[in-house]
Amino acid sequence: MEFLIILFQSFMSFCACVAFSVVFNAPKKELIYCGISGFLGWFFYAVLSLYISPTMATLISSALVTAFSRFASYHRQAPSTLYHIPGIMPMVPGTVVYNTMATALGGMILETYSNILLGLKLAGAIGAGSILILALPYSFFEIIPRRKKKIKANP
Amino acid sequence: MMDDNLLLKFALDAGELMLASGGETHRVQDTMHRILSVSHSTGVEALAMSTFLIVSIPSKKSGSLTLTRGVYNRSVNFGKICSVNEISRAFVSRQITLKEAANRLEKISHTSAYRPISRIISSGVACGGFTLVLNGKWIDALAAFLFGILIGILINQSGKTKLPSFFTCLIGGFIAGAGSVIFQRFVPSAGTDMIIIGSIMPMLPGMTMTNSIRDIMEGHYISGTSKMAEALLIAFAIAGGVGFGITTMGH
């Protein structure tokens, strides 16, 4: 049952990330890969956070999404940012930003500080996870050879 | 023999378009450097910062040429980053001439892949989708869809009127905060927190934050830290807008 819920949420994450990419004008033929990136991002995060702490889950899943986006970048010949940003979008600590604001409004200073720290921790985890993969050389992602593309005539 | 002046201008245009579309600084610098290295002079230099670009070619014939340009209006646009990338690759591998490349660059700076209406609706879908992802109910997702459409209109308009991103996020946060409180008054079963979290999702500075970390990683410390400041400012703007919205509606 839990697994079904995670699958449903990941599918919603797919739709949301495709829509998100449309908002930011991603090319039409890359939309599906942006969606897959978002799907994987939430799927890994949700499955991992059943077993380990949310921070570690964020770190590992952001590393996995970055790896996917670099593979996709090599195969589709587009900048890896295009796939990377939708992938980490479901993990961005929006809940924490809201909780920070809510606790600040309620005058709960200690909770506000702890939420700010939690937000920085999660953002740092996303960054650290990305860096782990971004630091690898480009040739590492060329293991699976690229399909040969027809050379386009100049329009 | 290539005209150094035209080459400089092309590199600067490409860099400006990329930086204004939310590309990372190191990618912009790399692209400009590749374009300039087509020129046969040695010691070409390209420098990108978070708000300005410098390109320079030392040439024996006409003395050293240097151009600078400030880039202040920034909005995220993946399509333009991809197109510039494609054009610069094609140019560097000599598939197209400088003139053709400059023409194509001119063309993409005026086109958009989607109509405004589809971008506005997909902003709604993104907000509703993220609400469901984060364990919201269907009724919350519906509300987030509506506010997402409003925020999509706001983002669309602010791109035209060149409103600072701080104000866009402040107003967007206000829409989410005030809207969710009003919605809950009519539909008591809805939860304000899930609606707000879903609605602010597309505005959150996830891209700025990751780009800043990537820039720092590549050794662009100044651009990286200034982008991190921008990300924090946007996050505070959103939180401030939401808080203002909730308090004015008397939650």
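Predicted model: local features only at pLDDT ≥ 70, side-chain atom pairs only at ≥ 80, totals over all residues.
Listing the residues that make the contact, I noted on helix 1 of chain A, among them, Ile6(A), Ser10(A), Phe14(A) and Cys17(A), and on helix 2 of chain A, among them, Cys34(A), Gly38(A), Trp42(A) and Ala46(A). Sorted by class, this contact has 13 nonpolar and eight polar residues, and no charged ones.

Next I turned to where the two chains meet, and I noted that 41 residues of chain A are in contact with 47 residues of chain B. Helix 1 (2-23), helix 4 (81-88), helix 5 (94-105) and helix 6 (109-134) of chain A each give two or more residues to the side that touches chain B, and the largest share, ten residues, comes from helix 1 of chain A. I counted this side of chain A as 28 nonpolar, twelve polar and one charged.

Last, I followed helix 6 (residues 138-161) of chain B, which has 24 residues and reaches 34 Å from its first C-alpha to its last, close to the 34 Å expected. Its buried residues include Asp140(B), Phe145(B), Gly148(B), Ile151(B) and Ile155(B). What covers the buried residues of helix 6 of chain B includes helix 1 of chain A, together with helix 5 (116-133), helix 7 (165-186) and helix 8 (192-200) of chain B.

Definitions and conventions:
Residues numbered from 1 in each chain as written. Chains lettered and ligands numbered in written order. Contact = placed C-beta atoms within 7 Å. Helix = DSSP H or I, 4+ residues; strand = E, 2+ residues; numbered from the N terminus. Nonpolar A, V, L, I, M, F, W, Y, C, P; charged D, E, K, R; others polar. Expected span 1.5 Å × (residues − 1). Buried ≥ 20, exposed ≤ 12 C-beta atoms within 10 Å, placed from the backbone.
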